[in-house]
Each structure stands twice: as structure tokens, then as C-alpha cells.
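Let's take a friendly walk through a protein chain. Have a look at the model below before reading on.

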Amino acid sequence: THVAKGILIKEGGVPRLVPLLSSPRREMHEPAASILHGLSCTPAVRALIAAEPSAVPSLLVLLTGAAIGVQEKCGWILQHLIADDEAHRSLVFSAGGVPPLVAALDGESVALQRST
């Protein structure tokens, strides 16, 4: 809900979730990506995600090397980041985002292709 999202953002949820994307415990990737995906629809949260130094590199790694559900969520988060903000687009592209995004488009998952 909108209230829950507000509380999560206010309480510093984004900086706490981003490190879970690169956790050695793979079972943490799905919940972290799912929550960030749900939050990334708003510009303020996209700015918080982009401000975390490990966010974009972690998203790009998971985009090509995680379970398909995690890949889809990461694709959506990256799409939200690059859709309407030049600074975020530059951040993703300068982090080497083009090859993983193109690879996602070449993949077999229709849902993943729709997210990128």
C-alpha cells in the first residue's frame, strides 16, 4: 500500500535493501528486488536507488545471472531508472549497462524482454 511504501522509505528502507542485491545469500535477492521494484515507480525512490553506489552494478549483475524472477524485477528497476532521467541513464550506461540490457532483450523470457 501507499502508506507502507511511505513508511519503508521514511525509515531508510532503500539503503538497507540495496546491499541485499549483492548478498552471498541468493535467497535474499528475490525479496530485495521485489520490494525495490515496487518502490521504484516513484522518482524520489529512483533517486534513492541511484544514490546507492552498489545499486546499479548489483542490478546489472543480477539482470544476467540470477533466477528469472529476479532478472525480471531488476530489468524493471533499471527500466524505471533510465526511462525519464538523464542522470540515471548516464549512471546505468557508464556502469556498463548496455551489454546486459541487450542480453536481456535477446533472452528467452518474454516477461524479461517486456521489462527492459
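Predicted model: local features only at pLDDT ≥ 70, side-chain atom pairs only at ≥ 80, totals over all residues.

Residues are numbered from 1 along each chain as its sequence is written, and side-chain values use heavy atoms, with hydrogens and water left out.

**The overall fold**

The protein chain has nine helices and zero strands. Helices (H or I, at least four residues) and strands (E, at least two) are DSSP runs, numbered from the N terminus. The radius of gyration of the protein chain is 13 Å, close to the 13 Å that the globule rule gives for 116 residues, so the chain is as compact as a globular protein of that length. That radius is taken over C-alpha atoms, and the globule rule is 2.2 Å times the number of residues to the power 0.38. Along its principal axes, the C-alpha trace spans about 40 × 30 × 25 Å.

Of the 116 residues, 37% are buried. Here buried means under 20% relative accessible area, exposed means over 50%, and partly exposed is in between (1.4 Å probe, protein chains only). Contacts (heavy atoms within 4.5 Å) also tell us about the fold: among those between residues at least 6 apart in sequence, 58% join residues at least 24 apart.

**The core**

Which residues have the most contacts inside the largest nonpolar core? They are Leu36, Ile49, Leu78 and Leu81, in a core of 27 residues. Such a core is a set of buried Ala, Val, Leu, Ile, Met, Phe, Trp, Tyr and Cys residues joined through side-chain atoms within 4.5 Å. Helices that each supply at least two residues of this core include H3 (29–39), H4 (43–51) and H6 (68–83). Not counting residues up to four places away in sequence, Ile49 touches Val14, Leu36, Ser40, Ala55, Ile77 and Leu81.

**Two residues**

Is Cys74 buried or exposed? Cys74 sits in helix H6 and counts as buried, at 0% relative accessibility. Leaving out residues up to four places away in sequence, Cys74 touches Ala33, Leu59, Leu62 and Leu63. Pro53 lies in the loop between H4 and H5 and is exposed, with a relative accessible area of 72%.

The table gives a C-alpha distance for each of these two residues.

| Pair | Apart in sequence | C-alpha to C-alpha |
|---|---|---|
| Pro53 and Arg16 | 37 residues | 13 Å |
| Cys74 and Val56 | 18 residues | 9.4 Å |
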